Amino acid sequence: MTQAILEVDRLSKVFSVPHGLVARAAVRAVDDVSFSIAPGQTLAIVGESGSGKTTVSKLILGLEQPTSGQIRFEGHDIQNMDRAAHKHYRRQVQAVFQNPYESLNPRLRVRTIIGEPVMAHERVSAAELDKRVAQALEVVGLPASAAQLFPHEFSGGQRQRIAIARALVLRPRLLVLDEPISALDVSIRAQILNMLADVQEEFGLTYLLIAHDLSLVEHFSNQVAVMYLGSLVEAGPVAQVFSAPRHPYTQALLASVPRPDPDHRPPKGVIIGEISSALATPAGCRFHPRCPHAFAPCKTTQPALGKAGDHAWACHLPQG
């Protein structure tokens, strides 16, 4: 059995935030979340704003520190790595962020933007750096001459290609893709996705995709994890979860996906109300205030994860 490249085990993150004039409150942004990704696969984390999916990505990238739980990369706990191992981890795990208009420094030429990760991890000559930058640009479909230009001289899609080139220049094993196409024009989203798919196949990359577009997830991912108010409510192979969702929240998300069928009528009233505040997390199942199927146990007891093969879900409803 192939060892997972990334394992997240009972990961939690609690933030202390101002609440009132002098008091502070604890916000459990991520609560006891576990999943793993096999090499060469794509796992998508989905959910509404406030679900905790972006916090998970920040914990994996080291931009936040976990309150509890473990993140293991290639079998090693990233919290207990020595300096050399941690440097290796930072090299092997790179990110592509949502907005290419904000993630690229407008004052730097593309050569410097893409070359910075190389200079941070290696000692190379100027000629070697130029070669590495040109190779990275070629991979994402941009000419070597782009290295001499500034970000404002490119379109949004081209800027995102530059951001992807920066992430690829160190030849990492894992890419965290945080809503990589949501800020782009619809006309060029498919081009970026096709390029990411080609790059993944060529270099054997593993992707962790943060997304809200379920159509994208269905066609781009192997595995999916659905989060709600910091908790994992359903996870498994995309084909299984999308064809037979077990959690009412997953069912509601899938029912909201537009279908290219003029006769299709999505179910009405599947999901009610607004997502609860993280400052006042409901007892029991966190989704129960909005769930049309909620009954007494949902309001008092947090459901355990049920499982059928690789498909897991957290719901009190009987599963037929």
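**Close-up views of a predicted model**

**View 1. Two buried aromatic residues, Phe73 and Tyr89.** Phenylalanine 73 is buried, and tyrosine 89 is buried too. The model shown is predicted. Across the whole structure, a search finds five aromatic pairs. In one of them, the ring centres of phenylalanine 73 and tyrosine 89 are 5.2 Å apart. Their planes meet at 70°, so this pair is edge-to-face; the cut-off for that class is over 60 degrees. Phenylalanine 73 belongs to strand E4 (residues 68-73), and tyrosine 89 to helix H2 (residues 83-92). The two residues are 16 residues apart, and their pair links distant parts of the chain.

**View 2. The Tyr228 and Phe287 ring pair.** The ring centres of tyrosine 228 and phenylalanine 287 lie 5.1 Å apart. With planes at 85°, the pair is therefore edge-to-face. Tyrosine 228 sits in strand E9 (residues 223-228). Phenylalanine 287 sits in the loop between helix H10 (248-255) and helix H11 (296-300). The pair therefore ties together parts that are 59 residues apart in sequence. Are tyrosine 228 and phenylalanine 287 buried or exposed? Both are buried.

**View 3. Proline 289 in the loop between H10 and H11.** This loop, between H10 and H11, holds proline 289. Glutamine 98 is 191 residues away from proline 289 along the chain. The C-alpha atoms of proline 289 and glutamine 98 are separated by 31 Å.

**View 4. Lysine 13 over phenylalanine 15.** Lysine 13 lies over the face of the phenylalanine 15 ring. The distance to the ring centre is 5.1 Å.

**View 5. Arginine 246 over tryptophan 313.** Here arginine 246 lies over the face of tryptophan 313. The distance to the ring centre is 4.4 Å.

**View 6. An open sheet of four strands.** What is the order of the strands in this open sheet? The order is E2-E1-E4-E5, and the pairing is antiparallel. Strand E2 (24-37) and strand E5 (76-77) are the edge strands. Each of these edge strands pairs on one side only. Strands of a sheet pair through backbone hydrogen bonds.

**View 7. Strands E1 and E4.** Strand E1 (residues 6-18) and E4 run antiparallel. How many bridges join E1 to E4? There are five. Aspartate 9 stands opposite glutamine 70, a residue in E4. Phenylalanine 73 of View 1 is also in strand E4.

Note on methods
Residues numbered from 1 in each chain as written. Predicted model: local features only at pLDDT ≥ 70, side-chain atom pairs only at ≥ 80, totals over all residues. Heavy atoms only, no water. Phe/Tyr/Trp six-rings, centres within 6.5 Å; stacked < 30°, edge-to-face > 60°. Buried < 20%, exposed > 50% of the residue type's maximum accessible area, 1.4 Å probe, protein only. Lys NZ or Arg CZ within 6 Å of the ring centre and 35° of its normal. Pairing = 2+ DSSP bridges.
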